[in-house]
Amino acid sequence: MAAAGLAAAVAAALGALLMAPGLSQPDGQGMPGPRAGAAAERRRSGRMDQALLLIRNELPAPGLNLAARSGSCHQCLYQFLAFVPPSNESLRRPGTASVMVDTQHPLTLLLNSSVGDGDLCKIQYHFGEFGNYSLVVKTLSTSTQTVSCDLIINEGPINSYLPILFAFLVYMGILAILIAGRLLMKIDPVRNWVYKKLNPRATDRMINSELGSPNTTDSINCDPTPQLWSTGSRQRLRSLDTFRGLSLVIMVFVNYGGGKYWFFKHESWNGLTVADLVFPWFVFIMGTSIALALGSMLRWGSSKWKVLRKILWRSFVLILLGILVVNPNYCLGPLSWDNLRIPGVLQRLGFTYLVVAALELLFTRADSGTWEGLFPALQDILPYWPQWIFILVLETIWLCLTFLLPVPDCPRGYLGPGGIGDFGKYPNCTGGAAGYIDRLLLGEKHMYQHPSSGVTYQSAIPYDPEGILGTINSIVMAFLGLQAGKITLFYKDQPKQIMSRFIIWGIVMGIISAILTKCSKEEGFIPINKNLWSISYVTTMSCFAFILLLLIYYLVDVKKWWSGAPFLYPVPVTYRELLDPLNKRFSTAMLLVHTKKSLPLSP
C-alpha cells in the first residue's frame with residue numbers, strides 16, 4: 001500500500017508538472033524571459049483543442065475568404081472562417097485576420113478571392129493544441145501572378161497526449177511491480193519470511209489460542225482450506241464480472257469527459273471511438289447473463305410463469321426509470337411532458353431484455369445436458385433454431401425498412417448524417433429511414449435534440465441514437481451475447497471447447513464486418529455507425545466482445561493468473577463472495593501455522 005501511495009503521489013506531481021503551461025512545451029526557440037511570458041499569455045487566450053491562426057495577406061484588392069473542412073467530416077461543404085482584407089499598398093501594410101482553428105482532426109484550408117470563383121490555394125494540415133501559426137499569402141512573381149501560401153509555426157504546440165502516455169507508463173510500472181511481487185510470493189522461503197515479518201505476534205497468538213494444536217493425523221491430512229470457511233454457494237463466472245466491470249470503468253471515464261480527448265467522445269457519424277464500445281458491450285453482457293440466470297432459475301425449481309413475471313417486472317422498472325428518472329429536462333422542469341424524450345439507454349436495455357429473455361424462456365431447458373441428436377458439436381445452436389429464425393426475421397425487417405422505405409425528399413437507403421454532409425445535398429435526411437420513423441411515430445419534441453452529428457455535420461433536425469429501428473439490432477447484439485452464455489453452459493468444465501467456440505464466433509463476426517464495411521470507414525455497403533446501430537456495428541462489437549471475453553476467461557477462470565481486479569470490484573457480488581479473497585489468505589496463514597506446529601510432532 002505504501003508503494004502504491006508513493007507511486008500515486010509521484011504520478012500526481014509529475015502530471016502537475018506536465019500540465020503546467022510553462023513546462024508543457026517550450027516555444028519555438030525555447031527563449032526565456034518576456035517572450036516566454038507573452039507566449040504563455042497567448043496560449044491562455046485560446047481554448048482547449050484549439051490553435052491560433054494568423055492570416056497575412058500581401059495581395060491587393062479585393063481581399064480573401066478563408067474556409068475550412070474538418071478531416072472528420074466526410075464529403076462536407078467548406079465552412080467560412082474569416083474574411084482577410086487586402087494589403088494597403090500605400091502603407092505597404094498587409095491585410096491581417098486571426099481565427100481559432102480546431103486541433104482534434106486534420107483541417108483542409110481553402111483560400112479564394114472574395115469576388116472570384118477560383119481557388120488560390122488549398123492546404124491540409126493538422127494543427128497542434130495551443131499552437132500559434134501564420135498563413136502568409138503573397139505573389140511570387142508579378143509577371144505570372146503566381147500566388148504562394150506558406151504556413152509558418154510561430155510557437156510550437158503543446159503535446160496534449162503526454163499525460164496519457166505518462167499515465168500509461170505509471171500504471172504499467174505498478175502492474176509490473178505487482179506481477180513481480182506475486183511471482184516472488186510463490187517462492188516458499190520468501191512467502192514464509194514475508195508472513196513472519198508482517199505479523200509475527202499474530203502468528204504466535206494463533207498458535208497459542210483456543211484453536212489448539214492439531215494432532216499428527218490432522219496436520220498430515222489437513223485441507224489447505226478449512227471446512228469452516230468453505231462455501232457451497234454457486235460460483236459466479238468471474239470473467240463475465242470482470243468484463244462487466246471493465247465496461248463500467250470505461251463508461252464512468254467517458255461520462256466524466258475522458259480528459260476532453262476526441263477519442264473518448266462518441267463518433268460524429270460513421271466510425272468508432274472508445275466511447276462507442278460501452279453500450280453494445282453492456283447489451284452483450286446482458287444477453288450472456290440471461291442465458292446463465294434463466295438456466296439457473298429453472299434448475300432450482302422456478303416455474304416458467306414465475307420467471308416470466310420477473311422478466312416483465314424488471315423490464316417495466318428499467319423503462320420507467322429511463323423515462324421518469326434519467327430523462328427529466330431540468331431546464332424546463334422535472335417532468336416536462338411536452339418535451340419528454342421517449343427513447344433512451346435504459347428504455348432500450350429494458351425492451352431488449354424483455355424480448356431476448358422471453359425468447360430464451362420459451363426454449364430453455366432446466367438441464368444443460370448433451371443434446372441427443374445430429375451434429376452434437378452444434379448442441380448450443382441447433383435445438384434453438386426457432387430463436388435463430390426469429391432473429392433473422394428481425395434483421396430482415398431492419399434491412400427492408402432501412403433500404404426500401406421511401407423517405408420524403410431523401411434518397412432511398414440513405415445512411416448519411418444530413419446537414420453539410422454529402423456536400424449539402426440532403427440537409428434534412430439525418431439517419432434516413434431510422435430518423436424518419438422516429439419523427440413520424442414519436443414526434444420531434446420527444447426525441448434526442450443534440451445528436452453527435454450536430455457539431456461536425458451541423459444537422460438541423462433532431463435524431464435519436466436510441467430510436468425505434470436501432471432497437472432491432474440491439475436485440476441481435478443481446479442474442480449474440482446469449483449465444484456466448486449458451487456456449488459456457490453447454491461446454492461447462494470444457495475450457496478448450498469454450499475458447500475454441502469464442503474464437504470461431506469472433507472470426508465469423510469479423511468476416512461479416514469486413515464484407516459489410518469493405519474494411520473502410522465510409523465506403524462500405526453498411527458502415528459502422530453507433531447512431532444507427534447498423535448491423536456492421538453489431539457484428540464488429542460482437543467480434544470484439546467474443547475475443548475480449550475469451551482473453552479474460554483464459555486469464556481469470558482457466559489459468560487463474562488474474563483475479564479480475566480492479567475491474568471485479570465495481571460489480572455487485574454477494575457478501576460471502578466478497579469475503580472469498582480474505583478467506584483464502586486466512587486459510588494460507590492457518591496452513592503455515594499447522595505446518596509449523598506439526599513438524600516437531602511428526603515421527
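Buried means under 20% relative accessible area. Keep that cut-off at hand for the exercises below, which concern a predicted model.

**Exercise 1. Work out how α9 is placed and how its length compares with the expected span.**

Step 1: Locate the helix. α9 covers residues 278-299, which is 22 residues.

Step 2: Check its span. From the first C-alpha to the last, α9 reaches 32 Å, close to the 32 Å expected at 1.5 Å a residue.

Step 3: Apply the cut-off. Of the 22 residues in α9, 18 are buried, and the helix is mostly covered.

Step 4: Look just past the end.

**Exercise 2. Find the order of the strands in the open sheet and say which ones stand at the edges.**

Step 1: The open sheet has 4 strands, arranged β3-β2-β5-β6 with antiparallel pairing.

Step 2: Pick out the edges. β3 (79-84) and β6 (119-125) each have a single partner strand, so one side of each lacks a neighbour in the sheet.

Step 3: From one strand to the next, it averages 20°.

**Exercise 3. Describe how β5 is paired on either side and whether it is buried or exposed.**

Step 1: Take the β6 side. Strand β5 (residues 107-113) is joined to β6 by 6 bridges, and the two run antiparallel. Thr108 has Gln124 of β6 as its bridge partner.

Step 2: Take the β2 side. β2 (residues 64-70) pairs with β5 over 7 bridges, again in the antiparallel sense. Here Ala67 stands opposite Leu110 of β5.

Step 3: Judge the burial. Because 7 of the 7 residues of β5 are buried, the strand is largely enclosed by the rest of the structure.

**Exercise 4. Identify the nonpolar cores and trace the contacts of Phe502.**

Step 1: Start with the largest core. It holds 77 residues, and those with the most contacts inside it are Phe243, Phe284, Ile290 and Phe502.

Step 2: Follow Phe502. Apart from neighbours within four places in sequence, Phe502 contacts Ala484, Ile487, Thr488, Phe546, Leu549 and Leu550.

Step 3: Turn to the second core. This separate core has 21 residues, including Leu66, Leu107, Leu109 and Leu111.

Technical notes:
Residues are numbered from 1 along each chain as its sequence is written. This is a predicted model: local features need pLDDT of at least 70, side-chain atom pairs count only at pLDDT 80 or more; totals for chains, interfaces and linings use all residues. Side-chain values use heavy atoms; hydrogens and water are left out. A nonpolar core is a set of buried Ala, Val, Leu, Ile, Met, Phe, Trp, Tyr and Cys residues joined through side-chain atoms within 4.5 Å. Buried means under 20% relative accessible area, exposed over 50%, partly exposed in between (1.4 Å probe, protein chains only). Contact means heavy atoms within 4.5 Å. The expected span of a helix is 1.5 Å times one less than its number of residues. Two strands pair if DSSP finds at least two bridges between them. Axes are lines fitted to C-alpha atoms, for helices over the stretch in contact, and angles run from 0 to 180 degrees between N-to-C directions.
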